[in-house]
Amino acid sequence: MMNQTKTYEELSAELEELRLQVQEANETLHAIKTGQIDAIFVENEKGRQLYTLKTADQTYRVFIEKMKEGAVTLNSNELILYSNSQFATMIGEPLSKVIGIPFRRFIPDIYKNEFDKLVKKGWGSDSKGELSLQNKTGQLIPFLLSFTSLELDDGMALSIILTDLSAQKNVEKELQLKNVQLEAIKQKISGMNEQLEETVEERTKDLLISREHFKFLADNIPVIVWTTGQDGSIDYFNKRWYEFTGLSPEQSMGLGSQAALYDADLEPTLNAWTQAIEKGAHFDFEYRIRRADGKYRWFLGKGHPLKDEEGKLVAWFGTSTDIEDQKKEMEKKDEFMSVASHELKTPLTSLKGYIQLMQQHRDLPDNIEKYISKANDSVNKLQHLINDLLDVSKIEAGKLKFDMHKLNLVDILNACIENSSYIYASLKIKKEIGKTLPVFGNGERLEQVIMNLVSNAVKYSPDKNEIIIRTTVENDRVTVSVIDFGIGLTETDQKRIFERFYRVENSNFFTSGLGMGLYISAQIIKEHHGKMQVQSQLNKGSSISFSLPLAGG
Ligand code: ADP
């Protein structure tokens, strides 16, 4: 009705006003399109209101759009005046559904209080806080919100920069999990460490006890005890060493102790020691050491190599035992033996002569002839024994010397075989010998060795009367073996049968003897630059052999 009363002029003026409004709106729209300003119409109780952000130039827009963070600007009613597309993406809505909407819509109820506090603070000064926003699908996304109030042409606005904390929160969660795991591992390690510490403590205690134990024992025995490093230089002596030599630790360590050795013993001792070090084998040697008063005494040195689990030599542990008194006793015994056997030899020789004279008598009664023959056998045995004793004495005095000629070992072997079949009438000798075996040697002494091997083979084979005599040639050496099928030898005994006076103790088997035969044989063979060897199996038999270099040409 009112319109009907309006004049044409009034209507024209109204039209003109509307036209101007449209033009203004078009211009604003153009400006928005070209990016000159940010602007927005907002419907509210006051009707339609246009908000513009005149500061938003092109650079600012590009910058805001390129940010990883979400950016929104709210008016005093918390309506979103501006949002970059990043925020819209974060929230899962198109940009058109975000702008003009109250920001609180995206805040879940539980965070509304917190949000209010932050907004209130944000209007006054810059503020920051973490809370979660709800996206379109209802999912809560953690954000860091930074508030800054701005003064715009159309009044105050609040800008919020939103940083998505999901990734960070995930990392934090993972980190927490890792921390828990780390803590568990730490606890485990600390448990292990404790255990290790306990073990180390225990071992250290054990070590201390064994070291003290060792020291106590070493200092309270009459034997000299020493240890060396892997190179063989002395790093420890027990009390006994210092008491005996009168030397100080400084004079004794390393190679210092060598000064206490008797001059003539130094070189052979060092040779034996070097050999032991090179081979990592036991050291066993006799030498003289100077006592504090300047007198020398004989010692038996024994060294034992200490090896680690991998068999690497780490140290040597050794003893030196004073054997001066035993040596003296032995020398006396040797001297007695030498004198006694010489003394015995003279009457024995005349006894043998008288027996031979008696044997020349004809027409003696049968029984007397038999007695004379038996007396002759006994005298032969006695002579054999005395010869052995004399040989041992000679060896001890270093006087076992004999001439050597080139000879054929086969001849000697044949003579021994003939001799043996005469002495041991029922013995079967299997001959496995070469045709010619030239060697340099002493025929009588070699015969003595072979006869000794044959007599042992017979003596220690009570149930068998068969032996083999075999020769083999290898690398310009000939080996003569006397093989039997008798009682055999244990490994320990095999190592010792060439020692002076060594006899195997066997409760099941006993024969007389003095343990000199193999000792003398070994010495004779040594003089021939040869070597004796034994191979044997208990209750199966033995093969005792010697090898000699063959004489060329
Ligand atoms: P003897 O025979 O006088 O005891 P030997 O020096 O000839 O002395 O031998 C030393 C030891 O070696 C003997 O006592 C014996 O126990 C052992 N033996 C030697 N030859 C043999 C052998 N063929 N079989 C078994 N044992 C042997």
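Tutor: Let's begin with aspartate 284, which is partly exposed because its relative accessibility is 46%; buried means under 20% relative accessible area, exposed over 50%, and partly exposed in between, computed with a 1.4 Å probe on protein chains only. Before going further, please keep in mind that this is a predicted model, where local features need pLDDT of at least 70 and side-chain atom pairs count only at pLDDT 80 or more, while totals for chains, interfaces and linings use all residues. Residues are numbered from 1 along each chain as its sequence is written, and side-chain values use heavy atoms, with hydrogens and water left out.

Now to the partner of aspartate 284. Lysine 302 is partly exposed as well, since its relative accessible area is 39%. A salt bridge (a side-chain nitrogen of Lys or Arg within 4 Å of a carboxyl oxygen of Asp or Glu) joins the side chains of aspartate 284 and lysine 302, with 2.8 Å from N to O. Aspartate 284 belongs to strand β10 (residues 283–290) and lysine 302 to strand β11 (residues 296–307), so this pair ties together parts that are 18 residues apart in sequence. Strands (E, at least two residues) and helices (H or I, at least four) are DSSP runs, numbered from the N terminus.

Next comes glutamate 286, whose salt bridge with lysine 327 has its closest N and O atoms 2.9 Å apart. Here distant parts of the chain are linked: glutamate 286 sits in strand β10 and lysine 327 in helix α10 (residues 324–360), 41 residues apart. Glutamate 286 counts as partly exposed because its relative accessibility is 34%, and lysine 327 counts as partly exposed because its value is 24%.

Strand β11 brings us to another pair. The side chains of arginine 297 and aspartate 322 meet in a salt bridge of 2.7 Å, N to O. Arginine 297 lies in strand β11 and aspartate 322 in strand β12 (residues 313–322), so the bridge ties together parts that are 25 residues apart in sequence. Which of these two is buried? Aspartate 322 is partly exposed, as its relative accessibility is 21%, whereas arginine 297 is buried, with a relative accessible area of 17%.
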